[in-house]
Amino acid sequence: MSAVFGLGLSLAAALGTAPAIAAPVAAPAPSTQLAYTAKSGTQENAAGNKAFFEAVAKSVAEKRAANPGAASVTVVYSAANAPSFRSQISSSASIWNSSVSSVRLQEGSNADFRYYEGNDSRGSYASTDGHGRGYIFLDYAQNRQYNSTRVTAHETGHVLGLPDHYSGPCSELMSGGGPGTSCTNPYPNAAERNRVNYLWQYGFAAALTKAGS
């Protein structure tokens, strides 16, 4: 199954696009892919997006079930394998944390998903095997072409449950690379924020119930 998410351009320089320094840690072979720029509207894309959200929610729920006193839903990520993009990853996490209230992104150990970097002709994408393991891959070339923080925030949106909508305007984060390289908006719009809040309030509750049973 395959689907692709991507974004980018001029703010990239200011925000620090990724030079191809040091040999990156190889990302696992992708199974289900969601990319920054791709053909939209496929059933595979929708199924892949659902699989990624469910894989991350399952990982979080299992840890939460083991620690029922946790006050809020926190999704833990690792940026250790994408050092060139640490600034963009941190910025995208801050953007999402300030935009939604039902879930929080936090860097740490025992991660629910990971970021990787490198060269890939398919560009940047989110991927999951559907079994509780998922990651985001950030492609060097695409992040020089598109605004890197928008690319990263877009791909992170898949982790939080949002599908691609390439035909949307620049004001819609999940339109990805659809509006072109001049689009630099890294913020989700009101509909996207509301959807994430809904998913992590209700969808996660179901995952938590399943994990605790």
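**View 1. Y135, a buried tyrosine in a predicted model.** With 6% relative accessibility, Y135 falls under the 20% cut-off, so this tyrosine counts as buried. Keep in mind that everything you see here comes from a predicted model. Now look across at Y116: its relative accessibility is 9%, so Y116 counts as buried too.

**View 2. The Y116 and Y135 rings, edge-to-face.** How far apart are the ring centres of Y116 and Y135? They sit 5.5 Å from each other, and the ring planes make an angle of 80°; that is over 60°, so we call this pair edge-to-face. Y116 belongs to strand β5 (residues 113–118) and Y135 to strand β7 (residues 134–139), so the pair ties together parts that are 19 residues apart in sequence.

**View 3. F53 meets W200.** A search of the whole structure turns up 10 aromatic pairs. Among them is F53 with W200: the ring centres are 5.2 Å apart and the planes are at 85°, so this pair is edge-to-face. Which helices do the two residues come from? F53 lies in helix α2 (residues 43–66), while W200 lies in helix α6 (residues 190–212), so the pair ties together parts that are 147 residues apart in sequence.

**View 4. F53 and W200, buried or exposed?** Take F53 to begin with: at 9% relative accessibility, it counts as buried. W200 has a relative accessibility of 2%, so W200 counts as buried as well.

**View 5. How confident is the predictor, helix by helix?** Averaged over the chain, the pLDDT is 81, and 72% of the residues reach at least 70. Confidence is highest in helix α3 (residues 86–99), with a mean of 98, and lowest in helix α1 (residues 11–15), where the mean is 33. Over residues 1–23 the pLDDT stays below 50, yet in the model this stretch has 98 contacts beyond near neighbours in sequence.

Key:
Residues numbered from 1 in each chain as written. Predicted model: local features only at pLDDT ≥ 70, side-chain atom pairs only at ≥ 80, totals over all residues. Heavy atoms only, no water. Phe/Tyr/Trp six-rings, centres within 6.5 Å; stacked < 30°, edge-to-face > 60°. Helix = DSSP H or I, 4+ residues; strand = E, 2+ residues; numbered from the N terminus. Buried < 20%, exposed > 50% of the residue type's maximum accessible area, 1.4 Å probe, protein only. pLDDT = per-residue confidence, 0-100. Contact = heavy atoms within 4.5 Å.
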